[in-house]
Amino acid sequence: MLLLIFPVLVAGFVACHIHPIHSYKLHRYEGQYLYLKSAELGVKCFAMASVAAVAGHYWLPDSISVGGETFDLTLSAFLASAMKVLGFDSAEATKIAWFFLLSASTFLSSGIIKCWGHLSLRYRFGTWDAKIFVIGEILEDSPLDYLLFKLSLEKDKQVMLTMDDRKVYVGKVINLGEPSETSGMDQDISIIPLMSGYRNKDTLKVEFTTDYDEVEADIYLSLRQDSIVSATEFNFAAYQKWNPPQISPTPSQPVSDCQVTGG
């Protein structure tokens with residue numbers, strides 16, 4: 001019985017990797033919690049495998065005939081016979097045969113858990129491609145992640161990002177980092193920049209210096225999310241209201257007074 005602990009834990013870990021929800025949360029399962037989560041799913045796999053094995057042993061016929069050919073369905077007896085050839089006695093051979101059957105069925109059950117996860121998501125969200133909804137629910141506990149995620153879904157929404165070096169970018173979020181086994185989505189983000197500048201070190205007002213629309217090329221920018229100090233949706237109407245166009249400079253008016261700044 002102790003030998004079954006290993007396939008149970010491995011099957012549970014495999015289920016974590018292929019499950020449509022747990023696979024996005026693996027980076028949160030650390031230390032003992034990862035073992036417990038693997039054990040939880042592994043026990044579920046083992047329970048399904050045990051029910052299937054017992055049901056097949058008692059309810060399936062010993063053989064089936066198809067087109068005049070007879071196929072033996074007593075797999076446990078076949079494996080036990082093979083173990084006897086290797087020198088095991090009858091009782092030990094039967095135990096080993098059932099160990100292999102239960103181990104294989106436990107691994108196969110991880111696929112059933114995956115299918116059940118997809119079915120539950122299909123029932124909840126009405127689509128088989130529910131990845132975007134799963135990620136949205138996971139990111140709800142992080143205001144920054146959730147804001148970037150929501151803005152990445154809106155075609156006409158722009159985000160203004162202030163970095164830890166006072167650099168400021170305005171653009172469209174096109175990609176968030178995919179979660180892995182050790183890290184979540186809060187890694188790098190990619191944007192199509194619209195304009196950029198910096199915050200004045202004294203007033204902290206934004207002074208835009210680069211307009212990327214002037215360049216006839218597709219520019220993509222990757223930023224480290226842990227370098228982002230603040231993020232907000234960029235509203236052009238509000239920006240124009242708070243920063244009306246300045247009057248053209250005259251000989252008596254310094255050129256510096258005509259800088260375009262924003263809050």
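This is a predicted model: local features need pLDDT of at least 70, side-chain atom pairs count only at pLDDT 80 or more; totals for chains, interfaces and linings use all residues.

Visitor: Why is H1 called roughly parallel to H4?

Guide: Helix H1 (residues 5–18) and helix H4 (residues 90–125) pack at an angle of about 15°, with their axes 9 Å apart. Angles under 35 degrees count as roughly parallel, so H1 is roughly parallel to H4. The crossing in which H1 passes H4 is right-handed.

Visitor: What makes H5 roughly antiparallel to H6?

Guide: The axes of helix H5 (residues 131–139) and H6 cross at roughly 150° and come within 8 Å. Because angles over 145 degrees count as roughly antiparallel, that term applies to H5 and H6. Their crossing is left-handed.

Visitor: How many salt bridges does the structure hold?

Guide: The structure holds five salt bridges.

Visitor: How do you know that the side chains of Lys44 and Glu40 meet in a salt bridge?

Guide: The criterion is a side-chain nitrogen of Lys or Arg within 4 Å of a carboxyl oxygen of Asp or Glu. For Lys44 and Glu40 the N to O distance is 3.5 Å, so the pair meets the criterion. Both residues lie in helix H2, four residues apart, which is about one turn of the helix. Lys37, Glu40 and Lys44 are linked in a network of salt bridges.

Visitor: Why are Lys44 and Glu40 counted as partly exposed?

Guide: Lys44 has a relative accessibility of 44%, and Glu40 has 34%. Buried means under 20% and exposed means over 50%, with partly exposed in between. Lys44 therefore counts as partly exposed, and so does Glu40.

Visitor: What makes the contact of Glu233 and Lys157 a salt bridge, and where do the two residues lie?

Guide: The N to O distance between their side chains is 3.1 Å, and the limit is 4 Å, so the contact of Glu233 and Lys157 qualifies. The pair links distant parts of the chain, 76 residues apart: Glu233 is in strand E8 (residues 228–234), and Lys157 is in the loop between helix H6 (143–153) and E3.

Visitor: Why are Arg224 and Asp188 said to tie together parts of the chain?

Guide: The side chains of Arg224 and Asp188 meet in a salt bridge of 2.9 Å, N to O. Arg224 lies in strand E7 (residues 221–224) and Asp188 in strand E5, so the bridge ties together parts that are 36 residues apart in sequence. Arg224 counts as partly exposed at 42% relative accessibility, and Asp188 is partly exposed with a relative accessible area of 31%.

Visitor: What makes Tyr58 an exposed residue?

Guide: Tyr58 has a relative accessible area of 63%. Exposed means over 50%, so Tyr58 is exposed. Tyr58 is placed in helix H2 (residues 32–59). With Val54 and Trp59, Tyr58 makes a nonpolar surface patch of about 450 Å².

Visitor: How do you know that Leu176 counts as buried?

Guide: The relative accessibility of Leu176 is 14%. Buried means under 20%, so Leu176 counts as buried. Leu176 is found in strand E4. Its C-alpha atom is separated by 9.2 Å from that of Ile191, 15 residues apart along the chain.

Visitor: Why are Arg166 and Leu204 called partly exposed?

Guide: Arg166 has a relative accessible area of 36%, and Leu204 has one of 49%. Because exposed requires over 50% and buried under 20%, Arg166 is partly exposed, and Leu204 is partly exposed too.

Notes:
Residues are numbered from 1 along each chain as its sequence is written. Side-chain values use heavy atoms; hydrogens and water are left out. Patches are made of residues with over 30% relative accessible area and no salt bridge: like charges are joined within 9 Å, nonpolar side chains (Val, Leu, Ile, Met, Phe, Trp, Tyr) within 5 Å. Accessible areas come from the Shrake-Rupley method with a 1.4 Å probe; for residues, only the protein chains shown count as cover. Buried means under 20% relative accessible area, exposed over 50%, partly exposed in between (1.4 Å probe, protein chains only). Axes are lines fitted to C-alpha atoms, for helices over the stretch in contact, and angles run from 0 to 180 degrees between N-to-C directions. Angles under 35 degrees count as roughly parallel, over 145 as roughly antiparallel, 65 to 115 as roughly perpendicular and the rest as oblique. A crossing is left-handed if the near helix is turned anticlockwise from the far one by less than a right angle, and right-handed if clockwise.
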